[in-house]
Amino acid sequence: MAATPSTMRDLGSACPDFSLTDTVTGQTLSVSDISEKAFVVAFICNHCPFVKHLFDGLTSFFGEYGDKDDVRIVAISSNDVANYPDDSPEKMKELASRLGWNVAYLYDESQDAAKAFGAACTPDFFVFDGQRKLAYRGQFDDARPSNDEPVTGTDLRAAVDAVLAGTGPVADQKPSIGCNIKWIAGNEPAYA
């Protein structure tokens with residue numbers, strides 16, 4: 001199982017613009033539609049063992065924080081579906097429905113959103129404040145398929161809580177580790 005770390009984009013950088021389709025509702029979502037105090041972007045996919053390891057924790061996090069009035073969460077899959085059909089929009093919708101996710105699960109067919117965010121792996125998490133400035137980038141928690149750490153979402157929860165409290169970025173930010181984003185041949189960014 002290959003392990004790729006987050007690129008750790010600069011804190012304070014602006015949230016990239018995107019306009020992507022939610023595989024569950026069929027509606028288009030853009031950054032301009034986001035008005036909440038905290039905005040969480042999770043680059044995930046269906047087939048990655050690192051993401052699968054977090055499914056229960058993600059479902060819990062999405063349920064708890066996705067129901068807050070001042071938090072918006074989106075999950076984005078940017079993988080090459082021709083070579084990874086388990087990550088197709090139809091399969092994304094099936095997974096989100098099966099797990100009861102209450103967040104948009106967006107399909108990044110062009111992979112432009114992944115490039116704009118500097119997303120390198122699945123999972124890869126970003127938290128933006130009310131001004132859409134990056135306050136956190138990195139891991140969900142210390143849990144990995146290869147260790148016995150519990151899946152708690154501690155790091156991501158602390159980051160969102162700090163944004164909601166207005167206390168600024170969490171000091172200790174660790175890169176996420178996961179499968180590399182499955183880039184379409186010839187579409188790989190320089191950091192891949």
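Strand 2 (residues 19-22) pairs with strand 3 in the antiparallel sense, over three bridges. Strands pair if DSSP finds at least two bridges between them, and helices (H or I, at least four residues) and strands (E, at least two) are DSSP runs numbered from the N terminus. Within this pair, Thr21 stands opposite Thr28 in strand 3. The model is predicted: local features need pLDDT of at least 70, side-chain atom pairs count only at pLDDT 80 or more, and totals for chains, interfaces and linings use all residues. Residues are numbered from 1 along each chain as its sequence is written, and side-chain values use heavy atoms, with hydrogens and water left out.

In general, strands of a sheet pair through backbone hydrogen bonds, either parallel or antiparallel.

Strand 5 has parallel pairings with two strands of this sheet, described here in turn. With strand 4 it pairs over six bridges, and Ala38 stands opposite Val71 in strand 5. With strand 6, strand 5 pairs over four bridges, and the bridge partner of Ile76 in strand 6 is Leu106. Strand 5 is mostly covered, since six of its seven residues are buried, where buried means under 20% relative accessible area, exposed over 50% and partly exposed in between (1.4 Å probe, protein chains only).

Several loops hold backbone features of note. Most residues other than glycine have a negative phi, and most peptide bonds are trans. Gln111, in the loop between strand 6 and helix 4 (112-117), has a positive phi near 70°, and Gln111 is buried with a relative accessible area of 0%. Arg132 lies in the loop between strand 8 and strand 9; the phi of Arg132 is positive, about 65°, and Arg132 is buried at a relative accessible area of 11%. The peptide bond from Thr122 to Pro123 is cis, with omega near 5°, and Pro123 lies in the loop between strand 7 (121-122) and strand 8.

On a 1 Å grid over the protein atoms alone, a cavity is a set of points where a 1.4 Å probe fits but cannot get out, and lining residues have an atom within 4 Å of a point. A search of the whole structure finds one cavity of 30 Å³ or more, and about 70 Å³ of space lies in the largest cavity. Grid points are joined across faces, edges and corners, and a volume is the space filled by probe spheres set on the points. The lining has seven nonpolar, three polar and two charged residues; Ala, Val, Leu, Ile, Met, Phe, Trp, Tyr, Cys and Pro count as nonpolar, Asp, Glu, Lys and Arg as charged, and the others, Gly among them, as polar.

Methods:
1 Å grid on protein atoms, 1.4 Å probe; cavity = no way out; pocket = protein on both sides within 12 Å on 5 of 7 lines; lining within 4 Å.
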